[in-house]
Amino acid sequence: NSSSVKEFILLGLSEKQGVQKIYFVVFLLFYMLTVAGNLLIALTVMSSQHLNSPMYFFLCHLSVVDICYSSVTAPRMISGFLVQNNTISFAGCMGQLFGFHFFGCTEIFILTAMAYDRYVAICRPLHYPALMSRRLCGLMVGGSWAGGFLHSTLQTLPIALLPFCGPNKIAHYFCDLHPLLRLACADTRAVGLAMAVNSGVISLSCFLILTASYAVILASLRGKTLAGWRKALSTCGSHIAMVILFFGPCTFVYIRPAGDPSQDRSVAVFYTLVAPMLNPLIYTLRNGEVKGAVRKLCRR
(Lines give C-alpha, C1' and ligand atoms only; values in the text may rest on other atoms or scores of the structure.)
Protein backbone atom coordinates (compact mmCIF):
# COMPACT_ATOMS: atom_id res chain seq x y z
CA ASN A 1 0.00 0.00 0.00
CA SER A 2 1.49 3.29 -1.14
CA SER A 3 -0.28 5.35 1.53
CA SER A 4 1.71 7.34 4.05
CA VAL A 5 -1.35 7.70 6.30
CA LYS A 6 -1.06 5.04 9.01
CA GLU A 7 -4.25 5.97 10.85
CA PHE A 8 -7.40 8.01 10.42
CA ILE A 9 -9.28 10.23 12.85
CA LEU A 10 -13.05 9.64 12.92
CA LEU A 11 -14.80 12.93 13.54
CA GLY A 12 -17.94 11.14 14.74
CA LEU A 13 -21.56 12.18 14.54
CA SER A 14 -21.13 15.68 15.84
CA GLU A 15 -18.18 17.85 16.76
CA LYS A 16 -20.18 19.76 19.39
CA GLN A 17 -18.84 18.88 22.84
CA GLY A 18 -22.12 19.46 24.69
CA VAL A 19 -24.09 16.70 22.99
CA GLN A 20 -21.39 13.99 23.19
CA LYS A 21 -22.48 12.62 26.61
CA ILE A 22 -26.15 12.58 25.60
CA TYR A 23 -25.29 10.75 22.37
CA PHE A 24 -23.17 8.29 24.36
CA VAL A 25 -26.12 7.30 26.58
CA VAL A 26 -28.69 7.20 23.75
CA PHE A 27 -26.58 5.14 21.33
CA LEU A 28 -25.29 2.79 24.01
CA LEU A 29 -28.92 2.05 24.86
CA PHE A 30 -29.77 1.57 21.15
CA TYR A 31 -26.86 -0.80 20.67
CA MET A 32 -27.66 -2.86 23.79
CA LEU A 33 -31.29 -3.17 22.64
CA THR A 34 -30.14 -4.22 19.15
CA VAL A 35 -27.86 -6.98 20.44
CA ALA A 36 -30.28 -8.19 23.14
CA GLY A 37 -33.34 -8.17 20.88
CA ASN A 38 -31.70 -9.92 17.94
CA LEU A 39 -29.95 -12.43 20.20
CA LEU A 40 -33.30 -13.24 21.81
CA ILE A 41 -34.89 -13.84 18.38
CA ALA A 42 -31.98 -16.03 17.18
CA LEU A 43 -31.99 -18.12 20.40
CA THR A 44 -35.79 -18.42 20.32
CA VAL A 45 -35.80 -19.74 16.75
CA MET A 46 -32.91 -22.15 17.43
CA SER A 47 -34.43 -23.56 20.63
CA SER A 48 -38.08 -23.82 19.56
CA GLN A 49 -39.42 -26.96 17.91
CA HIS A 50 -42.40 -25.09 16.46
CA LEU A 51 -40.48 -22.33 14.67
CA ASN A 52 -39.00 -24.62 12.02
CA SER A 53 -40.51 -23.14 8.83
CA PRO A 54 -38.25 -21.45 6.25
CA MET A 55 -39.51 -18.02 7.37
CA TYR A 56 -37.98 -18.52 10.82
CA PHE A 57 -34.80 -20.01 9.39
CA PHE A 58 -34.31 -16.77 7.42
CA LEU A 59 -35.32 -14.66 10.43
CA CYS A 60 -32.68 -16.37 12.58
CA HIS A 61 -29.97 -15.56 10.02
CA LEU A 62 -31.28 -12.00 9.70
CA SER A 63 -30.94 -11.52 13.47
CA VAL A 64 -27.35 -12.81 13.45
CA VAL A 65 -26.51 -10.49 10.52
CA ASP A 66 -28.09 -7.53 12.34
CA ILE A 67 -25.96 -8.11 15.45
CA CYS A 68 -22.77 -8.30 13.35
CA TYR A 69 -23.81 -5.37 11.17
CA SER A 70 -24.37 -2.91 14.01
CA SER A 71 -21.31 -4.26 15.88
CA VAL A 72 -19.04 -3.21 13.00
CA THR A 73 -19.80 0.49 13.55
CA ALA A 74 -21.62 1.09 16.85
CA PRO A 75 -19.02 0.20 19.55
CA ARG A 76 -16.38 2.47 18.02
CA MET A 77 -18.89 5.25 17.50
CA ILE A 78 -20.08 4.97 21.13
CA SER A 79 -16.56 4.92 22.59
CA GLY A 80 -15.72 7.87 20.33
CA PHE A 81 -18.14 10.09 22.27
CA LEU A 82 -15.89 9.78 25.33
CA VAL A 83 -12.45 10.40 23.79
CA GLN A 84 -10.96 13.54 22.21
CA ASN A 85 -9.24 11.84 19.29
CA ASN A 86 -11.07 8.81 17.98
CA THR A 87 -8.34 7.24 15.84
CA ILE A 88 -8.51 4.05 13.78
CA SER A 89 -5.55 2.34 12.07
CA PHE A 90 -5.46 2.02 8.26
CA ALA A 91 -6.01 -1.77 8.52
CA GLY A 92 -8.79 -1.27 11.07
CA CYS A 93 -10.44 1.24 8.77
CA MET A 94 -10.36 -1.16 5.80
CA GLY A 95 -11.63 -3.96 8.04
CA GLN A 96 -14.55 -1.78 9.14
CA LEU A 97 -15.35 -0.84 5.53
CA PHE A 98 -15.28 -4.52 4.55
CA GLY A 99 -17.42 -5.70 7.49
CA PHE A 100 -19.97 -2.96 7.04
CA HIS A 101 -20.55 -3.79 3.35
CA PHE A 102 -20.33 -7.54 3.93
CA PHE A 103 -23.09 -7.67 6.55
CA GLY A 104 -25.14 -4.90 4.91
CA CYS A 105 -25.21 -6.67 1.55
CA THR A 106 -25.89 -10.07 3.16
CA GLU A 107 -28.89 -8.49 4.90
CA ILE A 108 -30.23 -7.17 1.58
CA PHE A 109 -29.96 -10.65 0.01
CA ILE A 110 -31.63 -12.36 3.01
CA LEU A 111 -34.51 -9.84 2.91
CA THR A 112 -34.91 -10.66 -0.80
CA ALA A 113 -34.93 -14.41 -0.07
CA MET A 114 -37.62 -13.78 2.57
CA ALA A 115 -39.76 -11.99 -0.03
CA TYR A 116 -39.57 -15.07 -2.28
CA ASP A 117 -40.54 -17.24 0.69
CA ARG A 118 -43.63 -15.04 1.36
CA TYR A 119 -44.54 -15.14 -2.33
CA VAL A 120 -44.48 -18.98 -2.41
CA ALA A 121 -46.37 -19.22 0.92
CA ILE A 122 -49.22 -16.98 -0.26
CA CYS A 123 -49.40 -17.60 -4.01
CA ARG A 124 -48.54 -21.32 -4.13
CA PRO A 125 -49.43 -22.69 -0.70
CA LEU A 126 -49.98 -26.28 -1.87
CA HIS A 127 -46.49 -26.46 -3.40
CA TYR A 128 -44.84 -24.63 -0.51
CA PRO A 129 -43.19 -27.67 1.21
CA ALA A 130 -41.80 -28.90 -2.14
CA LEU A 131 -40.64 -25.48 -3.40
CA MET A 132 -39.11 -24.24 -0.14
CA SER A 133 -37.10 -27.36 0.68
CA ARG A 134 -34.42 -27.31 3.38
CA ARG A 135 -31.81 -27.58 0.66
CA LEU A 136 -33.09 -24.54 -1.24
CA CYS A 137 -33.32 -22.47 1.96
CA GLY A 138 -29.73 -23.47 2.83
CA LEU A 139 -28.57 -22.51 -0.68
CA MET A 140 -30.36 -19.15 -0.51
CA VAL A 141 -28.81 -18.25 2.84
CA GLY A 142 -25.37 -19.56 1.76
CA GLY A 143 -25.70 -17.55 -1.46
CA SER A 144 -26.61 -14.43 0.55
CA TRP A 145 -23.45 -14.72 2.67
CA ALA A 146 -21.28 -15.48 -0.40
CA GLY A 147 -22.83 -12.60 -2.36
CA GLY A 148 -22.20 -10.22 0.55
CA PHE A 149 -18.56 -11.36 0.70
CA LEU A 150 -18.04 -10.83 -3.03
CA HIS A 151 -19.71 -7.40 -3.03
CA SER A 152 -17.68 -6.29 -0.03
CA THR A 153 -14.37 -7.47 -1.54
CA LEU A 154 -15.12 -5.52 -4.73
CA GLN A 155 -15.88 -2.40 -2.66
CA THR A 156 -12.91 -2.60 -0.28
CA LEU A 157 -10.00 -3.62 -2.54
CA PRO A 158 -10.01 -0.55 -4.84
CA ILE A 159 -10.16 1.75 -1.78
CA ALA A 160 -7.31 -0.09 -0.01
CA LEU A 161 -5.11 0.37 -3.10
CA LEU A 162 -5.67 4.15 -3.30
CA PRO A 163 -2.88 6.43 -2.05
CA PHE A 164 -3.68 8.38 1.14
CA CYS A 165 -1.10 11.05 1.96
CA GLY A 166 -3.13 13.26 4.34
CA PRO A 167 -5.32 14.90 5.61
CA ASN A 168 -6.54 11.94 7.64
CA LYS A 169 -9.77 13.24 9.22
CA ILE A 170 -12.85 11.24 8.19
CA ALA A 171 -16.05 13.30 8.37
CA HIS A 172 -18.07 10.33 9.62
CA TYR A 173 -18.34 7.97 12.62
CA PHE A 174 -17.07 4.95 10.63
CA CYS A 175 -14.93 4.29 7.55
CA ASP A 176 -17.23 4.41 4.55
CA LEU A 177 -16.80 4.86 0.80
CA HIS A 178 -17.68 8.53 0.24
CA PRO A 179 -15.64 9.98 3.15
CA LEU A 180 -12.60 7.86 2.21
CA LEU A 181 -12.78 8.77 -1.48
CA ARG A 182 -12.67 12.45 -0.46
CA LEU A 183 -9.33 11.88 1.33
CA ALA A 184 -7.48 9.93 -1.38
CA CYS A 185 -4.57 11.71 -3.13
CA ALA A 186 -5.66 10.57 -6.60
CA ASP A 187 -8.42 11.05 -9.12
CA THR A 188 -11.17 8.89 -7.63
CA ARG A 189 -13.93 9.55 -10.18
CA ALA A 190 -13.63 6.14 -11.87
CA VAL A 191 -13.40 4.26 -8.55
CA GLY A 192 -16.34 6.27 -7.16
CA LEU A 193 -18.46 5.51 -10.21
CA ALA A 194 -17.62 1.77 -10.06
CA MET A 195 -18.62 1.69 -6.37
CA ALA A 196 -21.88 3.54 -6.99
CA VAL A 197 -22.71 1.13 -9.82
CA ASN A 198 -21.83 -1.91 -7.66
CA SER A 199 -23.99 -0.74 -4.72
CA GLY A 200 -26.65 0.70 -6.99
CA VAL A 201 -27.12 -2.43 -9.10
CA ILE A 202 -27.45 -4.63 -6.00
CA SER A 203 -29.82 -2.28 -4.12
CA LEU A 204 -31.97 -1.53 -7.14
CA SER A 205 -32.22 -5.08 -8.49
CA CYS A 206 -33.10 -6.48 -5.05
CA PHE A 207 -35.58 -3.67 -4.50
CA LEU A 208 -37.23 -4.42 -7.87
CA ILE A 209 -37.44 -8.14 -7.03
CA LEU A 210 -39.03 -7.26 -3.68
CA THR A 211 -41.50 -4.83 -5.27
CA ALA A 212 -42.40 -7.33 -7.99
CA SER A 213 -42.95 -10.15 -5.48
CA TYR A 214 -45.29 -7.95 -3.45
CA ALA A 215 -47.13 -6.78 -6.56
CA VAL A 216 -47.74 -10.45 -7.49
CA ILE A 217 -48.85 -11.24 -3.90
CA LEU A 218 -51.35 -8.35 -3.90
CA ALA A 219 -52.64 -9.30 -7.35
CA SER A 220 -53.17 -12.90 -6.19
CA LEU A 221 -55.33 -11.67 -3.28
CA ARG A 222 -57.99 -10.20 -5.58
CA GLY A 223 -61.31 -11.87 -4.88
CA LYS A 224 -60.09 -13.30 -1.56
CA THR A 225 -62.09 -12.84 1.63
CA LEU A 226 -61.20 -10.18 4.19
CA ALA A 227 -59.77 -12.92 6.43
CA GLY A 228 -57.53 -14.05 3.55
CA TRP A 229 -56.28 -10.50 3.02
CA ARG A 230 -55.67 -10.07 6.73
CA LYS A 231 -53.69 -13.32 6.99
CA ALA A 232 -51.55 -12.53 3.94
CA LEU A 233 -50.82 -8.96 5.01
CA SER A 234 -50.00 -9.94 8.58
CA THR A 235 -47.29 -12.34 7.34
CA CYS A 236 -45.95 -9.72 4.92
CA GLY A 237 -46.41 -6.59 7.02
CA SER A 238 -43.33 -7.05 9.20
CA HIS A 239 -41.19 -7.87 6.18
CA ILE A 240 -42.41 -4.81 4.23
CA ALA A 241 -41.66 -2.61 7.27
CA MET A 242 -38.11 -4.00 7.50
CA VAL A 243 -37.50 -3.50 3.77
CA ILE A 244 -38.63 0.16 3.86
CA LEU A 245 -36.57 0.89 7.00
CA PHE A 246 -33.43 -0.67 5.56
CA PHE A 247 -33.59 0.01 1.83
CA GLY A 248 -34.85 3.60 1.93
CA PRO A 249 -31.86 5.17 3.73
CA CYS A 250 -29.30 2.79 2.14
CA THR A 251 -30.42 3.63 -1.38
CA PHE A 252 -30.43 7.34 -0.54
CA VAL A 253 -26.76 7.27 0.51
CA TYR A 254 -25.22 4.88 -2.03
CA ILE A 255 -27.00 5.46 -5.32
CA ARG A 256 -26.52 9.21 -5.50
CA PRO A 257 -23.10 10.85 -5.88
CA ALA A 258 -21.26 11.90 -2.71
CA GLY A 259 -23.47 14.34 -0.86
CA ASP A 260 -23.31 16.46 2.26
CA PRO A 261 -21.29 14.57 4.95
CA SER A 262 -23.50 15.64 7.88
CA GLN A 263 -26.60 14.48 6.00
CA ASP A 264 -24.94 11.13 5.20
CA ARG A 265 -24.04 10.66 8.87
CA SER A 266 -27.59 11.26 10.10
CA VAL A 267 -29.06 8.86 7.52
CA ALA A 268 -26.36 6.26 8.30
CA VAL A 269 -27.41 6.18 11.98
CA PHE A 270 -30.79 5.05 10.76
CA TYR A 271 -29.65 1.97 8.86
CA THR A 272 -26.66 1.04 11.05
CA LEU A 273 -28.47 1.23 14.41
CA VAL A 274 -32.17 2.09 14.24
CA ALA A 275 -33.26 -0.49 11.62
CA PRO A 276 -31.39 -3.44 13.25
CA MET A 277 -32.83 -2.39 16.64
CA LEU A 278 -36.43 -2.27 15.33
CA ASN A 279 -36.16 -5.59 13.47
CA PRO A 280 -36.80 -7.85 16.53
CA LEU A 281 -39.60 -5.55 17.71
CA ILE A 282 -41.30 -5.58 14.31
CA TYR A 283 -41.13 -9.37 14.05
CA THR A 284 -42.16 -10.22 17.62
CA LEU A 285 -44.96 -7.65 17.97
CA ARG A 286 -46.59 -8.73 14.72
CA ASN A 287 -46.14 -12.46 15.18
CA GLY A 288 -48.02 -14.56 17.78
CA GLU A 289 -45.87 -17.66 17.23
CA VAL A 290 -42.62 -15.79 17.93
CA LYS A 291 -44.16 -14.06 20.96
CA GLY A 292 -45.24 -17.41 22.41
CA ALA A 293 -41.82 -18.98 21.79
CA VAL A 294 -40.04 -15.97 23.37
CA ARG A 295 -42.22 -16.32 26.47
CA LYS A 296 -41.39 -20.04 26.71
CA LEU A 297 -37.66 -19.34 26.36
CA CYS A 298 -37.79 -16.65 29.07
CA ARG A 299 -39.64 -19.01 31.44
CA ARG A 300 -36.90 -21.58 30.94
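**Helix α3 and its neighbours**

Modeller: Let's begin where α3 meets α7: Cys 105, Ile 108, Phe 109, Leu 111, Thr 112, Ala 115, Arg 118, Tyr 119, Ile 122 and Cys 123 in α3 are in contact with Ile 202, Ser 203, Cys 206, Ile 209, Leu 210, Ser 213, Tyr 214, Val 216, Ile 217 and Ser 220 in α7 (contact means heavy atoms within 4.5 Å). By type, the residues of this contact are 15 nonpolar, 4 polar and 1 charged, where Ala, Val, Leu, Ile, Met, Phe, Trp, Tyr, Cys and Pro count as nonpolar, Asp, Glu, Lys and Arg as charged, and the others, Gly among them, as polar.

A word on the model: it is predicted, so local features need pLDDT of at least 70 and side-chain atom pairs count only at pLDDT 80 or more, while totals for chains, interfaces and linings use all residues. Residues are numbered from 1 along each chain as its sequence is written, and side-chain values use heavy atoms, with hydrogens and water left out.

Helices here are DSSP runs (H or I, at least four residues), numbered from the N terminus. Two packed helices are described by the angle between their axes and the distance between the axes. Axes are lines fitted to C-alpha atoms over the stretch in contact, and angles run from 0 to 180 degrees between N-to-C directions. For α3 and α7 (residues 189–220), the axes come within 10 Å and cross at roughly 15°. That makes the two helices roughly parallel (under 35 degrees; over 145 is roughly antiparallel). Their crossing is left-handed, meaning that the near helix is turned anticlockwise from the far one by less than a right angle.

Now for another partner. Helix α2 (residues 54–80) packs with α3 (residues 90–123) at an angle of about 160°, their axes 9 Å apart. This pair is therefore roughly antiparallel, and the crossing of α2 and α3 is left-handed. Their contact holds 15 nonpolar, 6 polar and 5 charged residues.

Finally, look at Arg 118, one of the α3 residues that meet α7. The side chain of Arg 118 meets that of Asp 117 in a salt bridge of 2.9 Å, N to O (a side-chain nitrogen of Lys or Arg within 4 Å of a carboxyl oxygen of Asp or Glu). The structure holds 2 salt bridges; Asp 187 and Arg 189 form one of them, with their closest N and O atoms 3.0 Å apart. Arg 118 and Asp 117 are both buried, whereas Asp 187 and Arg 189 are both exposed (buried is under 20% relative accessible area, exposed over 50%, with a 1.4 Å probe and protein chains only).

Note on methods. Angles under 35 degrees count as roughly parallel, over 145 as roughly antiparallel, 65 to 115 as roughly perpendicular and the rest as oblique.
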